[in-house]
Amino acid sequence: EIYQCDWSSDVCSSDLETSLDGLDLINHLLFLEQADVITQRLVGVLDQCAQSQEPQVPEALQLDAHHMAQLAQEVSLSSVHLVADALAAQLARLRTTRIVADIQTSLQGAQEVSRLLHQFAVGNVREPQESVLAALRGD
């Protein structure tokens, strides 16, 4: 598609802004789709681990949390980035200790990421719950 612009007017710039707004919307929708798949997997596997007598935390969960943090950083969603990054660190510790309470904390972290994403999807950017963030950090 070829655009012709009258550089002495704002006709071109408004078309460009509309195009960029559409691109931002597409990027946000793609982000939400990827993020939703990752958080569902995190919550599901951590829920299974929390119910298991001898939980095994797959390395893939830590990688998922790290990927979620990267995706959130790319779209400047700092609340999700903070929780996902803390969750990735928590899962790294958890893979060596396998303490049931830590699995529950990780599950709460994954659920917090999901909650923040749902808020973002409807246009609300929320801060993470401090209690969840503190628990993930081990404070």
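Helices H2 and H3 are roughly antiparallel to each other. This report describes a predicted model.

**Packing of H2 and H3**

Two packed helices are described by the angle between their axes and the distance between the axes. The axes of H2 (residues 59-74) and H3 cross at roughly 160 degrees and come within 8 Å. Angles over 145 degrees count as roughly antiparallel, and H2 and H3 are therefore assigned to that class. Their crossing is left-handed. On the H2 side, the contact is made by Glu59, Leu61, Gln62, Ala65, His66, Met68, Ala69, Ala72 and Gln73. On the H3 side, the contributing residues are Val80, His81, Ala84, Asp85, Leu87, Ala88, Leu91, Ala92 and Arg95.

Helix H3 covers residues 78-97, and its 20 residues should span 28 Å at 1.5 Å a residue. The end C-alpha atoms of H3 are 28 Å apart, which agrees with that expectation. The buried residues of H3 include Ser79, Val80, Val83, Ala84 and Ala86. Leu87, Ala88, Gln90, Leu91 and Leu94 of H3 are buried too. An α-helix has 3.6 residues a turn, so residues three or four places apart point the same way.

**The loop between H2 and H3**

Ser76 lies in the loop between H2 and H3. Although Ser76 is not a glycine, its phi is positive, at about 60 degrees. Ser76 is exposed, with a relative accessible area of 66%.

The structure holds one aromatic pair. The ring centres of Phe31 and Phe120 are 5.9 Å apart and the ring planes stand at 80 degrees, so the pair is edge-to-face. Planes over 60 degrees apart count as edge-to-face. The pair links distant parts of the chain, with Phe31 in helix H1 (residues 11-51) and Phe120 in helix H4 (residues 100-121), 89 residues apart.

His118 also lies in helix H4. The C-alpha atoms of His118 and Leu32 are separated by 8.7 Å, and these residues are 86 residues apart along the chain.

The table lists the accessibility of individual residues discussed above.

| Residue | Relative accessible area | Class |
|---|---|---|
| Phe31 | 3% | buried |
| Phe120 | 13% | buried |
| His118 | 48% | partly exposed |
| Ser76 | 66% | exposed |

Buried means under 20% relative accessible area and exposed means over 50%. Phe31, at 3%, therefore counts as buried, and Phe120 is buried at 13%. His118, at 48%, counts as partly exposed.

Key
Residues numbered from 1 in each chain as written. Predicted model: local features only at pLDDT ≥ 70, side-chain atom pairs only at ≥ 80, totals over all residues. Heavy atoms only, no water. Helix = DSSP H or I, 4+ residues; strand = E, 2+ residues; numbered from the N terminus. Expected span 1.5 Å × (residues − 1). Buried < 20%, exposed > 50% of the residue type's maximum accessible area, 1.4 Å probe, protein only. Phe/Tyr/Trp six-rings, centres within 6.5 Å; stacked < 30°, edge-to-face > 60°. Axes fitted to C-alpha atoms, helices over the stretch in contact; angles between N-to-C directions. Parallel < 35°, antiparallel > 145°, perpendicular 65-115°, else oblique. Left-handed = near helix turned anticlockwise from the far one by under 90°. Contact = heavy atoms within 4.5 Å.
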